Protein chains: 2
Amino acid sequence: MWVTFPTFQKNMTLNKDTFTGEYQYSLDSKGRVNIPAKFRQALSKKNQNTFVATRGQDPCVWIYPLTEWKKIEDELRNLSSVSGIHRTFIRQIARSATPSTCDKQGRITLSPSLISFSQIDKNALIIGMINKIEIWNPETLKTVDEKNMIEDSIELNSLADKIVI
Amino acid sequence: MWVTFPTFQKNMTLNKDTFTGEYQYSLDSKGRVNIPAKFRQALSKKNQNTFVATRGQDPCVWIYPLTEWKKIEDELRNLSSVSGIHRTFIRQIARSATPSTCDKQGRITLSPSLISFSQIDKNALIIGMINKIEIWNPETLKTVDEKNMIEDSIELNSLADKIVI
DNA sequence: AAGATAGTGGTGAATTGTGGGTAACTTTCC
DNA sequence: GGAAAGTTACCCACAATTCACCACTATCTT
């Protein structure tokens, strides 16, 4: 039995703007963290060194490449702000969103409010989350993930069944 | 219950991109493992030498050829991250996923976190799992399989009834 | 038996991550 | 309005790691 596969498109690399992997870096005294070189390369050429940092839904920092952030911006724009909860939601995301560019060594500077929100002191754990980047205090991450896994283990298993192949 | 596989003549053709068989290789001091030549040949030409390694559902390393991984990646990308458990799930998979291309000798490098997760030290047992590749510490595999076979022997038999012809 | 292919180990060059220093710009206070 | 202090951004240099390549040995094939 033969199965013929379609020939592959030219660009059979990982999607651009796809972030995976974890990296342990340090936050220096000036509030700078390194962005992993792999992530910098993952970005499409044009906006190579511009990100938008904002507070995550979890107590961590979310970093979007400009293209992804634009999508979010559009969605927020379309969200009517008649209801109070909508306004609060928009406020949450918008108020702390700060565009920031990598310096020549590939670092970005986190604003003091993001640092205190995410409680990152010295060690910064950077995680690729497919379309965005998360920066965590490692301790915090552990407790959050453990809590979720215990409380929602059933949901977690069903997700794994559905998606992992 | 044992199933014996036919030895393959030169051009005996399994489906392309189908991995079977087991191989005993070694993990060197730099975290490199060889990918069996058969597996490399099994891949369609274009993306021959890029894989994505990630942590398995068992304590082993899973290695996907790029085409298979992209399916997972797309699922993850479409998963809304409004709920905490979704984010935890994405994180689990994405944080350990490392794209890696074979070097000229046909090896890929495993990240330290994957090595410690799978507890592979020197001997690496590589198993073809149809659409992906597993890398095990041989000791670990033995205990895991034995445990499963004892606990779920009924399920195992019914699976065998259903599938083996 | 000889050539080809496959697997293992090591080395050197290039890249990456970290700390610090200096210049420019802002803010504040006199 | 001007000077001083503080803040921000940019740049340089060193250390550590990574990656690409080379060479050797073992195994398989003809």
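At what angle do the axes of helix α5 of chain A and α3(B) cross? In this predicted model, they cross at roughly 115° and come within 9 Å. Axes here are lines fitted to C-alpha atoms, for helices over the stretch in contact, with angles running from 0 to 180 degrees between N-to-C directions. Helices (H or I, at least four residues) and strands (E, at least two) are DSSP runs, numbered from the N terminus. The crossing of α5(A) and α3(B) is left-handed, a term for a near helix turned anticlockwise from the far one by less than a right angle.

Helix α5(A) contributes L141(A), D145(A), N148(A) and M149(A) to this contact. From α3(B) come G84(B), I85(B), T88(B), R91(B), Q92(B) and R95(B). Contact means heavy atoms within 4.5 Å. By class, the residues are three nonpolar, four polar and three charged. Ala, Val, Leu, Ile, Met, Phe, Trp, Tyr, Cys and Pro count as nonpolar, Asp, Glu, Lys and Arg as charged, and the others, Gly among them, as polar.

The interface as a whole brings 42 residues of chain B into contact with 39 residues of chain A. The two chains bury about 3700 Å² between them, 62% of it on carbon and sulfur atoms. Buried area is the accessible area (1.4 Å probe) lost by two parts on being put together, summed over both. In chain B, I85(B), R91(B) and R95(B) lose the most area to chain A, together 19% of what that side buries.

Five salt bridges link chain B and chain A. The criterion is a side-chain nitrogen of Lys or Arg within 4 Å of a carboxyl oxygen of Asp or Glu. R91(B) pairs in this way with D58(A), the closest N and O atoms being 2.9 Å apart. On the side of chain B that touches chain A, β4 (61–65), α2 (66–78) and α3 (84–96) each supply at least two residues. That side divides into 15 nonpolar, 13 polar and 14 charged residues.

Over all chains, the salt bridges number 18. One joins D74(A) and R77(A), with the closest N and O atoms 4.0 Å apart. These residues are three apart in helix α2 of chain A, so about one helical turn separates them.

Residues are numbered from 1 along each chain as its sequence is written, and chains are lettered from A in the order in which they are written. Local features need pLDDT of at least 70, side-chain atom pairs count only at pLDDT 80 or more, and totals for chains, interfaces and linings use all residues, while side-chain values use heavy atoms, with hydrogens and water left out.
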